[in-house]
Amino acid sequence: MSSSYLKDMGPLRQRLLRSMGRAIGEYELIEEGDRILVALSGGKDSYAMMTLLDDHRRRAPVNFTLVAWHLDQGQPGYDGEPLKRWLEQSGHEHVIEHQDTYSVVIDKVPEGKTYCSLCSRLRRGILYGAAQRMGCTKIALGHHREDVIETLLLNLFFAGQLKAMPPKLVSDDKKNVVIRPLLYCAETDLEAFAQEQQYPILPCKLCGSQEGAQRAETKKLLHDLEQRIPHVRGSMLAALQNVRPTHLLDKGLW
């Protein structure tokens with residue numbers, strides 16, 4: 001992205017665009033002719049991703065198109081009108097799909113257990129199907145730096161696996177490619193940008209109502225660590241790019 005284009009933007013937007021551009025360039029996330037489904041949840045991260053990808057599209061060295069996609073999951077009290085108005089005012093091509101996953105999750109998950117895992121699997125299946133129907137070559141998800149390192153810790157602590165979130169992932173059936181262009185963007189920057197842009201945030205009353213989830217605990221742990229190790233988040237992200245397989249214990253590597 002040209003410096004002349006960036007100079008007309010505020011420093012926060014510039015920083016986020018540079019971070020996103022770095023991820024796109026290093027992992028070749030976007031290619032000539034791509035039609036990208038931008039998964040828009042109604043949260044701060046996906047709104048920012050839509051805005052920043054559109055900024056990037058205007059000055060990228062390759063031609064690609066974007067279509068915003070939002071899933072109405074049938075939650076009680078859901079009001080998607082603010083998001084719909086934002087999409088219409090922004091002029092983005094968009095699709096809003098209704099699938100009642102809320103009733104399925106409530107029925108299948110025992111009281112007191114977290115809904116996130118089943119909810120995520122249901123959304124993923126619907127998302128993959130939508131991308132195929134709309135002829136999209138890539139699916140962009142709004143996971144940021146903190147999502148990546150929190151997932152690393154969650155897998156380490158609770159699943160006994162050493163893995164995080166890849167910048168690019170091909171689905172098991174090879175029909176969909178998921179990209180994460182916000183990979184290097186800090187959550188604090190995205191929060192500030194969302195406030196600056198005054199996005200109409202849609203709350204998730206399904207997951208947000210459950211306190212004590214493992215991810216929330218991991219987020220608190222990171223916050224506490226940062227008080228003693230100021231650069232711990234950046235160091236953990238760097239570690240994921242600096243892997244020494246010969247110093248791990250997986251027998252498949254030997």
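This is a predicted model: local features need pLDDT of at least 70, side-chain atom pairs count only at pLDDT 80 or more; totals for chains, interfaces and linings use all residues.

Colleague: In what order do the strands of the open sheet stand?

Modeller: Strands (E, at least two residues) and helices (H or I, at least four) are DSSP runs, numbered from the N terminus. Two strands pair if DSSP finds at least two bridges between them. The open sheet has 6 strands with mixed pairing, in the order β3-β2-β1-β4-β6-β5.

Colleague: Which strands stand at the edges of the sheet?

Modeller: An edge strand here has a single partner strand, so one of its sides is left without a neighbour in the sheet. That describes β3 (94–98) and β5 (168–170).

Colleague: Which residue of β6 stands opposite Leu 169?

Modeller: Strands of a sheet pair through backbone hydrogen bonds, either parallel or antiparallel. β5 and β6 (residues 177–179) run antiparallel and are joined by 3 bridges. The residue of β6 opposite Leu 169 is Val 178.

Colleague: What angle does helix α6 make with β2?

Modeller: α6 (residues 116–133) packs on the sheet, touching β1, β2, β3, β4 and β6; contact means heavy atoms within 4.5 Å. Axes are lines fitted to C-alpha atoms, for helices over the stretch in contact, and angles run from 0 to 180 degrees between N-to-C directions. The direction of α6 makes with that of β2 an angle of about 140°.

Colleague: How many residues of β1 are buried?

Modeller: Buried means under 20% relative accessible area, exposed means over 50%, and partly exposed lies in between (1.4 Å probe, protein chains only). β1 pairs with β2 in the parallel sense over 5 bridges, and 3 bridges join β1 to β4, also parallel. β1 is mostly covered, and the number of its 5 residues that are buried is 4.

Colleague: Which residue of β4 is the bridge partner of Leu 37?

Modeller: β1 covers residues 35–39 and β4 covers 138–140. On the β2 side, Val 38 has Ala 68 as its bridge partner. In β4, the bridge partner of Leu 37 is Ile 139.

Colleague: Is Phe 64 buried or exposed?

Modeller: Phe 64 lies in the loop between α3 and β2. Its contacts, not counting residues up to four places away in sequence, include Ile 30, Ile 36 and Leu 53. Because its relative accessibility is 5%, Phe 64 counts as buried.

Colleague: And Ser 19, is that buried or exposed?

Modeller: Ser 19 has its place in helix α2 (residues 11–27). Leaving out residues up to four places away in sequence, Ser 19 touches Tyr 184 and Cys 185. At 19% relative accessibility, Ser 19 counts as buried.

Colleague: What is the phi of Lys 174?

Modeller: Lys 174 lies in the loop between β5 and β6. With 65% relative accessibility, Lys 174 counts as exposed. Its phi is positive, in a residue other than glycine, and is near 70°.

Colleague: Where is Gln 198?

Modeller: Gln 198 has a positive phi of about 55° although it is not a glycine. At 68% relative accessibility, Gln 198 counts as exposed. Its place is in the loop between α8 (187–197) and α9 (214–228).

Methods
Residues are numbered from 1 along each chain as its sequence is written. Side-chain values use heavy atoms; hydrogens and water are left out.
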